[in-house]
Structure formats: C-alpha cells, structure tokens
Amino acid sequence: MKPQILIVGAGPTGLDLAYSLARFDIPFRIIEKKSGTGTASRALAVHARILEHYQQLGISERIVKQGQPILSLDLSDGKEVKANLKFRDFGKGLSPFPMILSLPQDEHEDILVDELNKLGINVEWDTELSSFTDTGEGVKAILKKEGISEETADFDYLCGCDGAGSTVRKGLGFDFPGGTYKQLFFVADVETEIPEDEMEKMDMYMDDDGFMLYMSVRNDQTKRILGVVPEDLSQIPDIEYHHIREYVETKIKVNASHVNWFSTYRVHYRVSEHFSKGRIFILGDAGHLHSPAGGQGMNTGIGDAFNLSWKLAAVLQGKAAPSLLDTYETERIAFARRLVATTDRAFQTIINQHLRGTLLRKVAVPYILPSMFKLAFVKKTGFKILSQIHINYRDSALSKGKAGKVFAGMRLPWIQFADSDNFSPLQSVDWQIHVYGKASKELLDFAHTQSLQLYEFPWQSDMKDAGFQQNALYLVRPDGHVAVANKKQDVGVLKDYLDEFKLVAFHAR
C-alpha cells in the first residue's frame, strides 16, 4: 500500500506515532537522520498516563518489566537526609499503574523499534527531510539518504517529530517563543565503585551551591546524575566529567569508576505558535520544550502522538470528517502551554539560589513537605498532576456534556473490579459507550446499528466515588478520554455528535 503519512524523526514521539498508526493499519514511512536509536539514557521517567496508553497498544507489560519503579525520594543537603518521600502505591486507586517508572530512553526506543519490526515495519535510518511542500491535496517531500541520493515522494500528511531544531517547524515558519535558563546543566551516566542497595530510590541534593538529582539506571552500579555546573567551572570550554568530579563526589558521595557518557546543555522552555498547518503537524520537542521538572517532556510528546494518531487514522479511513484534525492543535497546544508555565515555576524554585530557593531548602523541604505528603489528598493530587492523568480537553470541540463529576474531555476515571477493570475494553482502541449501571434498550439498539461497542458495568458504590453517575451515558474516544457525558442516555445527543464529525467506529488490530 502507498504510504499515506511521512513521520520525520524516530525518537520516542515518532516511534510511538508509528506504532499507533500501525495498530490502525495506516501505511506510513518513518525516517531518521541518525543511523540508529540513541545510546544514552537521557529521558527516564515514564508516567502512568503513557503506561495506560501502552496498555491499550498491548506493550505495557514489556515496558514495565524492563523498567524500574521509583518508590522513594531522599532530599539532602549533602550532609544529611532532610526529607524522605514514599512513592509506593503513589497513585493507588487512580490508575492501573500507580507509580513512576524509570526506563532509559535508549532502551525505550529499542523496545518500540523492535515492536515495529515484529509488524514488518522498519525505520529508514540515515534518511533526512530536505524540503517539503503542502500542495493542498497532499504533501510533496524531498528525502535525502546518507546525505547523497535524493528521492521525491508524495504523502497525504507529514508529521514532524524531529526535535528542538525541527526542519518541519522551521519550514512552516512557526515562531518558537520562550526562553533559556542562564545556568549550564550537566548530565552523566557513570559506573560506581560500590553497588547500590536501593535501586528503587531517587536522591536529590540541594544546598547554597546548587542541586543534583541522581538515581540508579540499568543496573545496581550505574548512576544517572543531573545537575547545575558550578559557576566557577561553567566557563571551561569543552567541559568534561573530570572537571566536576571533585564537586560531585564531595556533594553526593558518588564515586565513578567509569564514565559511560557526559554532556552539558542549556535548558529551554518554549512552545511553538502553532502545532499544525494544512496537512502538516509537529509533535514532541518540535512543538514544545520543557524544564526537566517532573520528567514531563518525553511523556508529553508521546501524548501528542497518540492524540494525533487515531484522528489521522479516522480521517484517512473515511470514518471522520477532516475537521477532526483541527482538534489536535487546540487540545495539545493548550496543555503544552500550561505545562511549560508550571514546570518553569517549579524548576525556577529548585535552582533559585536566593530567597525562594533558600526557603524551599531550609523550611519547605525538611518540615512542610514530608508532613503534607502524608496527607492522602496531597498524594492523590500530586499523582494526578505528575502522571498526566489529570489532562483534560474540556474546551475541545470534541467534548460535550457532564454527568456526575465526569465531564467530557477528561480522561476516563479508572475503576477496578474483582478480576478486571473498566480500562480493559479500551484495548480495542476504538470508540465505545460505557454505562455504569443499566443501558436502555434504545441505547443498546442504537449502539448495535452504529457498530459501537457498549459496555455495561453493574453499579457499585466506588463508581460514585470515582465521579460516575448511575445509568449515565459516556461515549469514550479511542484515546480513553470522554467525548460525551449525558445523564439521561439521550440517544439523540449521541446521534447528533456522531453526525457532526461524521464519526464511524473502526477496529484497530
């Protein structure tokens, strides 16, 4: 079949977009100018919302098995532990994945590439996008292989997952407003002399000199260290690990017997003025850059990919109006802007060496934070934000209504039963109707005529606690967000909604 979509970039965002499209049987090509997957850990955190997405795609078990849960965080000043936060069952009752998972980005990418290979799909390495033109009827792209041979190819849509220096974003002429932190940061993977006893622990050091975050990755003798280069060392040209070795060993007592890799970088916070134009879209770092606070960047890019994939599939298969694609930008750009603002404030506080930073280190961390973290409400709220399960598209054109405390646009609340949960049906990656209670005959008949899956869940008290209203109608999108919430099972409302976007159910493989 002729490829309908060109994916530019094979980082986590591009690979997830590719695998999601493959589930919908959409033919595509995915190109990457590098010669293979990454060789460094870089992004580590995989949050619950992304694991829920991987569960829908059938690969969450492999991801979780290869990763390492982070169960606690020690905060110290280099002399003693000032506070300890426990993350065991952090999100208990909120998600089938009530944790923060650590998985090095290179291993993450290798898994996605392998899963694509199982489907007979290969990434085209050493291939880059030279230029592109949106003709109105499609996209004409010029590709360059190994920097030499050129090829002209036609596609229906082009998706730029090509990082901060995105050729696609620049080709569209989008501004990329934001800023850059003045500090020079470093990241290193080192082999330690002494094995780590607590692989599931993460440490953060803060004092008047700065901060470092460090944790075990891959095995009990490999540490990932991220921090701020001290000012008196930041002017060294081509700085290497040996320049900061004494600083690291003095502050956090991590002694490196071997340095796997080391890099310095500037942290940016930016959001593109648009995420789409005509038949062209940008995703991940091509559209938004974040501080490392909360490990949100990679997770947000993967979220972009899943949001766009099912919409592209529906339009290309003639099961939705092209206007459905307009909701990608409105939904994802609003979240990206909120996230950049939030992570910027948090990050500024952590790295601030003046009043706010001092108060954080000497008052909030040792005294206030541990006490607050013992409160169920605080842990619950914290997990919702960090895990991204709080993301909602309430203002989207695709969101209609409210029933109970569940409003259209929010991610479907998770309910666990004795031997299953209400997320199991989401593995169809299709439109479906949920009724928590009893469905009317009229609704059952309508669902049958529309080939819509309908799931009735016998009413139980914890459903009300989760926000559901008994016997209400919830139309759920392929990505697990609520599209329609209706108290009265009004089939007319459902019919009008499907007609508005010319929606037809489709079945992913």
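This is a predicted model: local features need pLDDT of at least 70, side-chain atom pairs count only at pLDDT 80 or more; totals for chains, interfaces and linings use all residues.
Residues are numbered from 1 along each chain as its sequence is written. Local features need pLDDT of at least 70, and side-chain atom pairs count only at pLDDT 80 or more.

Let's start with the salt bridges (a side-chain nitrogen of Lys or Arg within 4 Å of a carboxyl oxygen of Asp or Glu). The whole structure holds 24 of them, including these:

| Pair | N to O distance |
|---|---|
| Asp114 and Arg62 | 2.7 Å |
| Asp499 and Lys495 | 2.9 Å |
| Glu500 and Lys400 | 3.7 Å |

Asp114 sits in helix H4 (residues 105–118) and Arg62 in helix H3 (residues 60–66), so their bridge ties together parts 52 residues apart in sequence. Helices here are DSSP runs of H or I with at least four residues, and strands are E runs of at least two. Arg62 and Asp114 also join Glu115 and Lys118 in a network of salt bridges. Asp499 and Lys495 are four residues apart in helix H13, about one helical turn.

Now to the surface: Arg394 belongs to a patch of positive charge, with Lys380 and Lys464 among the other members. Such patches join like charges within 9 Å, using residues with over 30% relative accessible area and no salt bridge. Arg394 itself lies in the loop between helix H10 (376–387) and strand E22 (400–403).

Finally, an open five-stranded sheet runs in the order E2-E1-E11-E20-E19 with mixed pairing. Strands E2 (28–31) and E19 (276–277) are at the edges, each with a single partner strand, so one side of each lacks a neighbour in the sheet. Two strands pair if DSSP finds at least two bridges between them; parallel strands E11 and E20 are joined by three.

How values were computed
Side-chain values use heavy atoms; hydrogens and water are left out. Patches are made of residues with over 30% relative accessible area and no salt bridge: like charges are joined within 9 Å, nonpolar side chains (Val, Leu, Ile, Met, Phe, Trp, Tyr) within 5 Å. Accessible areas come from the Shrake-Rupley method with a 1.4 Å probe; for residues, only the protein chains shown count as cover. Lys and Arg count as positive and Asp and Glu as negative; His and the chain ends are not counted. The place of a charge is taken as NZ of Lys, CZ of Arg, CG of Asp or CD of Glu.
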